[in-house]
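Subject: A structure for you to look at

Hi there,

Here is the structure I promised to pass on. Have a look at it first, then read my notes below.

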Amino acid sequence: MPVTLMSPDELFKTDMYRHVAIASGTRHVYIAGQVARDADGNPVATDDFAGQVAQAYRNVALALSAAGATFDDVVRLTMYVVDWKPEMATGLDAGMKAVAEELHISLAPITVIGVAALFAPDLMVEIEATAVVD
């Protein structure tokens with residue numbers, strides 16, 4: 001496996017991600033921001049933040065698979081969240097946990113960025129991924 005995830009003892013503890021990803025593979029995979037849309041472009045989980053997080057993760061998994069990768073190969077995730085507030089972390093965690101086992105999500109480093117809007121008014125979250133595979 002080309003990716004090792006870790007959190008140094010000197011950094012705060014979290015069960016949502018690891019602080020460091022060490023990649024040794026040679027092929028980089030960059031996944032464009034994935035949102036709560038099905039294969040036909042229909043909205044999924046409208047007005048349900050955790051549901052949108054789960055669907056965006058599912059779409060990231062599909063994109064990774066198309067590139068011959070899995071969440072085990074992910075070295076970084078970036079989430080864009082509309083009108084982010086710290087109390088939204090509960091919904092973020094719930095959405096991730098809802099699909100963690102199904103998708104075998106690893107706890108790669110993640111950055112959450114609050115934004116004013118995404119490309120459609122019903123969207124609450126968008127997830128980008130970077131993976132490294134041999």
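How many helices and strands make up the secondary structure of the chain? There are two helices and six strands, where helices (H or I, at least four residues) and strands (E, at least two) are DSSP runs numbered from the N terminus. Following the sequence, they come in the pattern β-β-β-α-β-α-β-β.

Before you go further, please note that this is a predicted model, in which local features need pLDDT of at least 70 and side-chain atom pairs count only at pLDDT 80 or more, while totals for chains, interfaces and linings use all residues. Residues are numbered from 1 along each chain as its sequence is written, and side-chain values use heavy atoms, with hydrogens and water left out.

**Overall shape**

The C-alpha trace spans about 40 × 35 × 25 Å along its principal axes. Buried residues account for 43% of the 134 residues; buried means under 20% relative accessible area, exposed over 50%, and partly exposed in between (1.4 Å probe, protein chains only). Of the contacts between residues at least 6 apart in sequence, 75% join residues at least 24 apart, a contact being heavy atoms within 4.5 Å.

**Salt bridges**

I found three salt bridges, each one a side-chain nitrogen of Lys or Arg within 4 Å of a carboxyl oxygen of Asp or Glu.

- Arg37 pairs with Asp122, with the closest N and O atoms 2.7 Å apart. This pair links distant parts of the chain, 85 residues apart: Arg37 is in the loop between strand 3 (27–34) and helix 1 (49–66), and Asp122 is in the loop between strand 5 (110–115) and strand 6 (125–133). Arg37 is buried, at 14% relative accessible area.
- Glu102 meets Arg58 at 3.1 Å, N to O. Here helix 2 (residues 89–103), which holds Glu102, is linked to helix 1, which holds Arg58, and the two residues are 44 apart. Glu102 is partly exposed at 46%, and Arg58 is partly exposed at 29%.
- Lys97 pairs with Asp93, the closest N and O atoms being 3.0 Å apart. Both lie in helix 2, four residues apart, which is about one turn of the helix. Lys97 is exposed, at 52%, whereas Asp93 is buried, at 16%.

Is Thr78 buried or exposed? Its relative accessible area is 10%, so Thr78 counts as buried. Leaving out residues up to four places away in sequence, Thr78 touches Thr111, Ile113, Glu126, Ile127 and Glu128.

Enjoy exploring!
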